[in-house]
Amino acid sequence: MRSALRIAVTGAMAAATVLVAGPAQATPPGPGVTGRVISQKTVGDTDYILREVTIPPGQATGWHYHDGPLYAFTQQGTLSHYNSTCASDGVYPKGSFIQEPAGPGNVHIGRNEGDTPVVLDVLYVLPHGAPFSQDAPNPGCPFE
């Protein structure tokens, strides 16, 4: 069951890009943010990709959105999640489930504001061939 849960939950938070507060100057995610594909399956026109994403303390995924829904499980640490209004829309400690809707109207950033790495199992449900995430400019928040 744990294996099925891990597969059902891993794949999307990190392959994002941080953008500087100015209009569209792309920079990479914070140092040390990594993603590792655990499993991938295509059914029809949909890719199901399970990834393990690690965000070191003090780092972030960068502002982004996804072309399909995302489901995640926090294996370690606490993820702080912010939407494009700069407001927190969730804090996800170890053992929490996260769901992110698809589309450019759902720009967000995941941040590790704690002192231990955040490790997420993320399931991406994407149109076939779509990237893990799409870059988005910082919507004017005082953080990245």
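## Aromatic pairs

A search of the whole structure finds 4 aromatic pairs. Rings of Phe, Tyr and Trp (its six-membered ring) count as a pair if their centres lie within 6.5 Å; planes under 30 degrees apart are called stacked, over 60 edge-to-face, and the rest tilted. The structure is a predicted model, in which local features need pLDDT of at least 70 and side-chain atom pairs count only at pLDDT 80 or more, while totals for chains, interfaces and linings use all residues. Residues are numbered from 1 along each chain as its sequence is written, and side-chain values use heavy atoms, with hydrogens and water left out.

Phe73 and Phe97 form a tilted pair, 5.0 Å centre to centre with 55° between the planes. Phe73 belongs to strand 6 (residues 70–76) and Phe97 to strand 9 (residues 97–100), so this pair ties together parts that are 24 residues apart in sequence. Strands here are DSSP runs of E with at least two residues, numbered from the N terminus. Phe73 is buried at 15% relative accessibility, whereas Phe97 is partly exposed at 49%. Buried means under 20% relative accessible area, exposed over 50%, and partly exposed in between (1.4 Å probe, protein chains only).

Tyr124 is buried, with a relative accessible area of 1%; Phe132 is partly exposed at 21%. The charged end of Arg51 sits over the ring of Phe132, 4.0 Å from its centre. That description requires NZ of Lys or CZ of Arg within 6 Å of the ring centre and within 35 degrees of the ring normal.

Trp63, Tyr82 and Phe143 form one aromatic cluster.

An open sheet is formed by 5 strands in the order 3-4-11-6-9, with antiparallel pairing. Two strands are taken to pair if DSSP finds at least two bridges between them. Strand 3 and strand 9 stand at the edges with a single partner strand each, so one side of each is left without a neighbour in the sheet. On average, neighbouring strands of this sheet are turned by 20° against each other, direction ignored. The axes behind this value are lines fitted to C-alpha atoms (for helices, over the stretch in contact), and angles run from 0 to 180 degrees between N-to-C directions.

Strand 3 and strand 4 pair in the antiparallel sense over 9 bridges. Lys41 has Tyr48 in strand 4 as its bridge partner. Val122 lies in strand 11 (residues 118–127) and is buried, with a relative accessible area of 0%. Val122 and Gln99 are 23 residues apart in sequence and 9.6 Å apart in space, C-alpha to C-alpha.

## Salt bridges

The count comes to 2 salt bridges, a salt bridge being a side-chain nitrogen of Lys or Arg within 4 Å of a carboxyl oxygen of Asp or Glu. Arg36 forms a salt bridge with Glu52, and the closest N and O atoms are 3.5 Å apart. Arg36 lies in strand 3 (residues 34–43) and Glu52 in strand 4 (residues 46–55), so the pair ties together parts that are 16 residues apart in sequence. Arg36 is partly exposed at 44% relative accessibility, while Glu52 is buried at 19%.

Glu113 forms a salt bridge with Arg111, with 3.1 Å between the closest N and O atoms. At 44% relative accessibility, Glu113 is partly exposed.

Key:
Helix = DSSP H or I, 4+ residues; strand = E, 2+ residues; numbered from the N terminus.
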